[in-house]
Amino acid sequence: MGMTMSEKIIAAHAGVNRVKPGDIVTCDVDWIGIHDMFFTVGGQGDFSKIKKLHDPDKTVVLLDHGVPSPTPADAEGACGARAFVKKHGVKNFFDVGNHGVIHQKLAEEGFAAPGRMIACGDSHTCAAGAFNCAAGGFGPADMIYVLCVGQNWYQVAPTVKYELYGALPDLVTAKDLFLHIAGVFGEATNRNVEFGGPGLSSLSVPSRQSVATMCAEINAEFAIFPHDDVLEAYLRARARGAYEPVAADADAAYEEVRRIDLSELAPYVSGPHSIPNNCAPVRASAGLPIQQAILGSCSNGRIEDLALAARLIKGKKVANGVRFLVTPASQAIYLEALRKGYLETLAEAGAVITNATCGACYGGHLGLIGAGERCVSTTTRNFKGRMGSADAEILLAGPATVVASAVCGRISDPRDCFERGAAQ
Amino acid sequence: MTIKGKIWKFGDDINTDLIFPRTAFRISPEEQPRYVFSDNRPGWSASVAPGDVLVAGRNFGTGSSRPGALLLKRLGLGGMLSDSMNGLFFRNCIGYGFPAMQCAGVSALFEEGDVAEFDLISGAIRNLTSGATAFGNPISRGMAETLEAGGIFELLTQKGYLET
C-alpha cells in the first residue's frame, strides 16, 4: 500500500521508509516560526530562558499580531522579540515595516516549499500546505521544544482527499470552496486533508493558500496541495534553497475520497460562532443587516483579493452605517496594491485601509465590534467574542460577498449585486 | 497515571476563544484563569474546586494555538475527557502537563456532578457514580514522560535547555 503526501513528508523527516495512520514518530523540522504574541505578557512561554537555539538559521521571527503595538504590553513584547533575535543571532527577523501575517511571510519569503516540514506557533500554519508542505501549528510549549531540540513528535493521522473538477464560476472564490467543504462535510478532526484532481490547475496559488489556511477551522492536522506547474511558477522567484516535490502514491490509502465540481459552487457564508456544518449559500442569509465588513487576513488579504475588491467597488460607495476595513496580509502586498491603485479605489469608495496585521481577526485591534453588531469578514474565525463583544456576530465569507455586502449594507450575493463579468 | 474528580460537563465545539478569551490576553498568568468560559458560562471559573474534571463533547479546543490547556490546569482542574479534541489543543494539554484523553462517546457516560476515574496509560475510564465504563485512546510513553515532568518547560529545564 502506498502513502499519501502527508505520510511521505512525515516518513522522510522521521528517517523511516514508511508510516501509517496511528504511528507516532519524531521528525526533524525544516523551518520554525514564532511571532510577537510569544513575547507579550501572558503569552505562556518564557522564551528568554532558552540557552541556545537548535539552529538559529532555521528560525524565523516576525511581528504580526500587534503591529503597530496597540498596548504597552505589545510594545514590550516586540522588544522581547528583538532581544531574542539579537541574543541568538536569528537572521530571518521581520520587524515592523517589513512585516506581514506569518503565514503570508513564510510563503512570499520562500520558506514554504515542497516536501518541507514547518512548525510555527500559530494554528493557521497549515496555510503552507498550499506549497506542498507538511505544516502544522503548535502552542508555545511545543514551539519552545522544537526551538531547543529541532524535532518534535507527530502522530500520523488518516487522510481525506478532495478531488477537484472544473473551475470556479464568476464571483465564486476559493473561500467559497472552503465554506462549501466545511458546510457539507463538517470537521476533519484528527485527519489530514489533501487536494488533487484536474480542477486544481484552475486555482491560483493564493487561492490554494486561502483554502489551506481555513482547514485549521475544520481541525485538519495538515492540509496539503500537490506540486504542479502553477505552484512551480510561483516558487521559481521565491523558494529558498532546494526542494523536493512530494506526490501521493497511486495506491495511497485514504479514509475517504470526495469529489467536488468547482463549476457548481455558489458564494457561501457561515453562520455565527462556528464553521463546521454551519455554512450555506449566501442567498439563504441574504438581507441580514451588517455594521462592519472586513477584507483581509492570512486567508484573504492577498493581491488577488484586493484586485477583485477594487474592481467590484470601483465607482460605488460603502453603504451608510457600514465600516469597511481592508487589511493586506503583508507589507509587500500593501505596496503592490498601492502601486496598482487598488488601495486608492477602495479608499475612494469609503474603505479604511489598515497596515498588514492579524488585527481584528484575532480581536487584537483595528476594528473590534460591539454588542448587537454583525460583521461579515474574510478573516479566519467567527468564534463568539473573538472580534470584540460576545454579543456580536461574525459571519465568514469570500471577498466578493464581503464587498457586495459592504456596498449593500446587508449580506448580499455578489452575483445579485454586481453585473456578471465585473470580476473579469 | 490515574485521575479522579467531580465532573463539570460541557457540550460540542468548545473553542479556544471560550477557554482563553481575548480579555485574558496581556495580563499576568495569575489573573488569567478566572476568564475561562466567561463568555459561555459566566461565573463558572469561581466554582471549580481543585481536582475537578471536565467532560466535553466533540471538537473540544477547536481553534487557536493559545494554550487554553494551561488556563484549565491553573484553574485547578485535574484533567479532562472529551469525545474528540482538536489536535493542536491535545498537544497543548500534553505540553503543559494537563492530563487529557479522547474517547468517542465518553460525554454520554457522565452527568454533571458524577465522579470520574480514568487512567491515561491503560485508557480505562469509569463513572464511579453510575458504574459505567469505557476505554479511551491511551497516551504514548513519550507523552507520559512529558506529563510526569509537569510539561515541556519543566522537561526542558530538567534536561538543561532552559536557564533556571
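**A tour of the enclosed and open spaces**

Domain 1 (5–261) and domain 2 (268–417) of chain A both give residues to the lining of the largest cavity, so this cavity lies between them. The domain bounds come from an automatic or database domain assignment. This is a predicted model, in which local features need pLDDT of at least 70 and side-chain atom pairs count only at pLDDT 80 or more, while totals for chains, interfaces and linings use all residues. Residues are numbered from 1 along each chain as its sequence is written, chains are lettered from A and ligands numbered from 1 in the order in which they are written, and side-chain values use heavy atoms, with hydrogens and water left out.

**The largest cavity**

Select A:His35, A:Met37, A:His65, A:Asp122 and B:Ser64, which lie nearest the centre of the largest cavity among its 33 lining residues. A cavity is a set of points, on a 1 Å grid over the protein atoms alone, where a 1.4 Å probe fits but cannot get out; lining residues have an atom within 4 Å of a point. The space here is about 390 Å³. By class, its lining has 12 nonpolar, 16 polar and five charged residues. Ala, Val, Leu, Ile, Met, Phe, Trp, Tyr, Cys and Pro count as nonpolar, Asp, Glu, Lys and Arg as charged, and the others, Gly among them, as polar.

**The two domains of chain A**

Next, colour domain 1 and domain 2 of chain A separately; their C-alpha centres lie 24 Å apart. Their contact (heavy atoms within 4.5 Å) takes 41 residues from domain 1 and 41 residues from domain 2. Together they bury about 3100 Å², 59% of it on carbon and sulfur atoms; buried area is the accessible area (1.4 Å probe) that two parts lose on being put together, summed over both. One salt bridge is found across this interface, the term meaning a side-chain nitrogen of Lys or Arg within 4 Å of a carboxyl oxygen of Asp or Glu.

Select A:Glu217 and A:Arg381, whose side chains meet in a salt bridge (3.0 Å, N to O). A:Glu217 also lines the second largest cavity, as do A:Phe383 and B:Asp13, among others. That cavity has a volume of about 70 Å³.

**Where the chains meet**

Show both chains: the contact takes 43 residues from chain B and 51 residues from chain A. The two chains bury about 3800 Å² between them, 55% of it on carbon and sulfur atoms. In chain B, select B:Arg22, B:Arg26 and B:Arg91, which lose the most area to chain A, together 22% of what that side buries. Five salt bridges are counted between the chains. For a further pair, select A:Glu187 and B:Arg58, whose side chains meet in a salt bridge (2.2 Å, N to O).

**The two largest pockets**

A pocket is an open set of grid points with protein on both sides within 12 Å along at least five of seven lines. The largest holds about 700 Å³ of space. Select A:Gln155, A:Asn190, A:Glu221, B:Gly87 and B:Phe90, which lie nearest its centre among 37 lining residues. The lining comprises 19 nonpolar, 14 polar and four charged residues.

Finish at the second largest pocket, with about 450 Å³ of space. Of its 25 lining residues, A:Leu168, A:Val172, A:Thr173, A:Ser207 and A:Glu304 are the closest to its centre. Its lining draws at least three residues from each of domain 1 and domain 2 of chain A.

How values were computed
Grid points are joined across faces, edges and corners, and a volume is the space filled by probe spheres set on the points.
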